[in-house]
Amino acid sequence: MAGSGTAHLRPEQAPVLTVDDMVVEFPVGRGQKVHAVSGLSLDLLAGETLGILGESGCGKSTAGRAVMQLPSPTSGRVRLGERELTGLTSRPLRKARSRMQMIMQDPTSSLNPRRKVKDLVTEGLAIWGFEGTKQEKEELVRETLSAVGLDPDVVWDRRPHELSGGQCQRVCIARALMMNPEVLICDEPVSALDVSVQAQILNLLERTKERYDLSMVFIAHDVSVVKNISDRVMVLYLGKTCEVIPSGRIDSDAAHPYTQMLLASIPGAGDRELSDSAAAVELPSPLDPPSGCRFRTRCPLATERCAAEEPELREVRPGQYVACHHPIIEE
Amino acid sequence: MSRRLVLRLGELVAVLLLVSFGVFMMVSLMPGDPAVAVLGEGHTAEEYAAKRTELGLDGNVFARYVEWLGNALTGDLGRSLVPPENDVVGRVLAALPVSVELATMGLLMALLLAIPLAMWSASHEGGLVDRAIGASMFAILSVPSFLGGLLLIAIFANGLGWFPRAQWVRFGDSPLDNLYHAFLPALTIALMELALFTRVLRNDLLVTLHEDYILAARAKGMPPLRILLRDALRPSSFSLVTLLGISLGRLIGSTVIVEYLFALPGMGSLVIKSANQGDFPMVQGAVLLIAAIYVVINAGIDLSYGYLDPRTRRAHA
Amino acid sequence: MSDQTVLEVEDVRTEFQTARGVVRAVDGVSLSLRAGETLGIVGESGSGKSVLGRTIMGLITTGHTTQVHGSVRIAGQDVHASSPKERRRLWGSEVAMVFQDPMTSLNPVKRVGTHITEALRLHLGLDKKAAAERAIDLLRQVGIPEPARRMSQFPHELSGGMRQRVVIAMALCCDPKLLIADEPTTALDVTVQKQILDLLTSLAESRQMATILISHDLGAVAGRTDRVQVMYAGRVVERSATGEVFEGPRHPYTEGLLASIPRLSDPPHTTLRAIVGSPPNMANPPDGCRFAPRCPYVQDRCRTEQPELLEIGVRRTSHVAACHYPLPDVDTAGDAAPPRAALAEEIS
C-alpha cells in the first residue's frame, strides 16, 4: 500500500527517532479490519518537538503506542537512533522501550491507586538497574519531584486519589523522567485537565524538555496547544499524513484543506474560507476508507483525480510538505 | 442476520454432540456394575458376563456411543433395566412436563415479584423500603430452600389446609386442578430464586438510573414509572435474563428437594431413583434430555441479547 | 429582543450531603434571562456550573442528601415550589436541556424516532403519525440528512455529531422558551464542535429562545453569547457583556483564565501565564475570597472577607465582579487603578 510519502524525512540530520512506513491494522472479525495507521513515516531530531494533530479516529494515539511497540505495528520500521525496534525480542525491547517514555491523557488512571507517590516514582529506577545507595536513590527521586514542581515532603507518602489531576500528571512526568529517557511521547497530556492547570503542565513539559535534553512527540487535537509546544506539526487524517509544517507557520501558511478546516473550527477564528458546511458530515469508516485521498469525502476542493490517485507528500515551501492535489497556496 | 443464525445453529449442534458424548461417558463411569443391578447379588461371574454382553456393554465405547446416539436420534433411548423395564422415552416424557411446569411457574412467580420489588428498591435508593427489601432478600437467601418448602407446607397445606400436598394432577386431566396442585411447590421454587433476581435486577437498575439518558428522559418530562418501564428496565435486564436461563435449565433437572417434599413425579426424582438402582439407560436418557434443554435455552438467551441491546446486532455492519 | 423575562434565579444554593461533609456546589447565585438572550456560563470542574444548570432545570431538587435554597422561576413558575407533576409539565413545554455526551444521553435500546416522538405524544397529545411527521421535520431542522431513514436507526448507528443533533431535536420538540446546553460540544471532535455551536446559535435566534450555554471552554462561549458569567468554586466571580469580559476582564480569575489559554497568534514556545495551584476542595473551601490562595494580587483582606458581587461597570451595560480589588477598566486604566501586587509570577 502506498503511504503518503517520505519527502519530509531528514535522515542526514541523524534523527533520534525514525518511523518508516508504519501500518497498524486491527482485525474486527468477518475478514474486516480497522485501518488505524496506513503508511506513516516520521522522524524526530534531537531536542525537537513534533506535534501530531488530528481528530479522534485519525490514528494519532495508535501511532504513538505503535512507536512504543505497544503493540508492535502490523508492518513498517521504528528506529531509535541506530537501533531497530521492530523485531526485537521482549528483553532487549523492554530495555530499548525505557529510553522512550509515554505520558497519557488521564493521569489518575495511569497511576496505580494503591501505591504511594514515592513508590510510583522510584520503581522505574530498579528496572534500568540504578546502582547507588538507598540515599542516593531517594535524593534523585526528590530532585525529580522538585523538578516537576511537586514538594517532595508534601507528596512523598500520598496516594494518587489524594492529589489533583494536575499533580497526578506531574507525578506521571516525574516517573517518566526517572527512566532517563531520550524521547517523551505525550498523548493528549492536558486534555483531561482543568483549563487553568493545562498551562502549568504545558510550561512544565517545555522546561523539562530543555532541562533533560529530551526530544518530544506531542499528540493532541487542539491546534493552539500543538502550535505552542511544537517545532514541527504533522497533521493526520484517517491514518494518513496530510501535512507537515513548521509550527510557527501553521496559522498563516497551512496548505492542506483539512488543516484549514481544523483552523477554521477554532472558536473565534472567524470565517475562514474552508469551514465545514452547516449540514452534518459523517467521518468515513476506518473499516473502509475512501480511495485516493482519504479526506476527499469532506473536502470542498475534491475532484475526480482525488478519488483515483492518492496524493504523496511534496515540498510546497521550504520545510512544508503537503499531501494534496489541490493545495491552497497563495503566492 | 440469517447467516448469524446458521452459524449459531451449527454451534448448537456441535455443543449438543459434545454434551451427549459427555453424558454417555459419564454414565459408563458410574460406580456399580449394571449387570449386578439387573440380576441382583449372588450370581456367578459367568452369569454377570453374559448379562453384560446382553446389555451391549462389551464392545468398544465409541462404537456403543455411536449406536446409542443413532437410536436416540430416532427417538429410542432403550429400555429401563429395572422391572417393569419400561421404555425410557416414555418414562422421561411422563416426568418432564412436571419439572418444566414447576420450573416455569416458579420462575414466572419469582419474576412477577422480583421486577416490582427491584424497581421500587432502585428508584428509592438508600431509602427505608430499599433497605427493608434488601434485608429481607438477604434473609431469604440465607434460609435453606427445603426449610422454606417445609414452612409453606406447614402453614398452607397442613395448617390452613388451603393447598393439597403430595398430590399431582396432570395438566391434561384438569388444567385448573393442575395449577392448584402446582402452586405451593412453584412458590417454594420462586422463593429460592426471588432473592437473587431482585438483588441482581436492583443493582443493574441502579447503574442504569444513573445514566445520562435517564436524566435526559426526565428532562423531557416523562413520568417516573414510564421511565422505569420504558427506559431503564430493558437495558438493565442482561444479567437477569442470563440468570433466568441458567435457573430454568438448572431447575428442570434439580428440583429434587421440592419434588421430594411434595412427592412429585418430576425429572429430579426420576434421575435420583434410577441412579440409585444402577439403571443406566434411564439416567443417560434423562440427563441427555436435561442437557439438551439447557443448551437450547442458553442459545435462546444469547439470541435475546440482540433484542435487548441493538448494539450487539451487526445487521448493518 | 423582547423584554419578557424567561428566567429568574434568586440566591440559589445547592448543597450535597457527602461522606466528607456538606458540599455547597452552588453558593448564592442570582441571574435573569430574557427571551432570545444567550448567557454563557464558564468555569472549571467544581465551579458549580453544571450543578447550577441542573438546579435551574429542577433536575436537582431538595431530597434526602440534597438541599436547594433560593428560588428559580421559569416563565413565572417557581420550579422548586412546584409538584413533580407540574415540573414535568414545565419540562415538556417551557424548558429543555442538552447534555454533554451524546453517546450516553440517548438510550441505546431505543430508536432515534422514539426519543423524539414519545415526548411529542405525551406533551402535545399527537397521534403516532403526526408525531412521526413532526419528528422528521425537527430532524431536518437540526441538519440531519435523510431524516426519515434516521428515525428507525439506533443511536449507535450515528456519529457523535449526528447524535448531538438528535439530542438537540429532542430538546426542541415542544418549543421550549429556555434551553440549557451543558457542555454540548465537549465530547465532540473539533470540526464537529463548531457545527453544533453554530446550530445552537441559529436555532436560539430563529426561535427567540433564551439560552444558557455552559462550558469550560472560553472560546466556545466567546462569539456566541450576549453575556458571560464566570464561576469559581460555586460562586459567580464576574458577569458582563461577552465582549467586555473577554477584552477587559475585571476579576483576576477571569484574567488568569484568559491568559492561560494558548493563542494561535502567539509564536511557538511562548511561555503561558498559568494560574498557580488547583481549584479548591469544595468540601472545605477557603475562607474569604475562594480564589485568594491562587490570586496573584491577593491582599490580607481577601483571605478573611468574602467579596460580594458588585456593580463595577462604567458603561451602560452592567458589569459585576466579586473582588475587593477589581482590575482597572481597560479604558480607565491608569486613572484610579487600585494598588496591585506584583504581576503573576509563573510558578512551576
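Modeller: Two residues are in contact if their C-beta atoms, placed from the backbone, lie within 7 Å. The model discussed here is predicted.

Biologist: Which residues are in contact with A:Glu315, leaving aside its neighbours within four places in sequence?

Modeller: With those neighbours set aside, A:Glu315 is in contact with A:Ala7, A:Gln320 and A:Tyr321. A:Glu315 itself belongs to strand E11 of chain A, residues 314–317.

Biologist: What makes helices H6(C) and H7(C) roughly parallel to each other?

Modeller: The axes of H6 (residues 160–172) and H7 (residues 190–207), both of chain C, cross at roughly 15 degrees and come within 10 Å. Angles under 35 degrees count as roughly parallel, and H6(C) and H7(C) are therefore described in that way. Their crossing is right-handed.

Biologist: Which residues of H6(C) meet H7(C)?

Modeller: From H6(C) come C:Gly160, C:Gly161, C:Gln164, C:Ile168 and C:Leu172, and their partners in H7(C) include C:Val192, C:Gln195 and C:Leu203. The residues of this contact of H6(C) with H7(C) are seven nonpolar, four polar and no charged.

Biologist: How many residues does each chain give to the contact between chains C and B?

Modeller: Chain C gives 23 residues and chain B gives 19 residues. On the side of chain C that touches chain B, H2(C) supplies the largest share, four residues. That side of chain C divides into 13 nonpolar, six polar and four charged residues.

Technical notes
Residues are numbered from 1 along each chain as its sequence is written. Chains are lettered from A and ligands numbered from 1 in the order in which they are written. This is a predicted model: local features need pLDDT of at least 70, side-chain atom pairs count only at pLDDT 80 or more; totals for chains, interfaces and linings use all residues. Helices (H or I, at least four residues) and strands (E, at least two) are DSSP runs, numbered from the N terminus. Axes are lines fitted to C-alpha atoms, for helices over the stretch in contact, and angles run from 0 to 180 degrees between N-to-C directions. Angles under 35 degrees count as roughly parallel, over 145 as roughly antiparallel, 65 to 115 as roughly perpendicular and the rest as oblique. A crossing is left-handed if the near helix is turned anticlockwise from the far one by less than a right angle, and right-handed if clockwise. Ala, Val, Leu, Ile, Met, Phe, Trp, Tyr, Cys and Pro count as nonpolar, Asp, Glu, Lys and Arg as charged, and the others, Gly among them, as polar.
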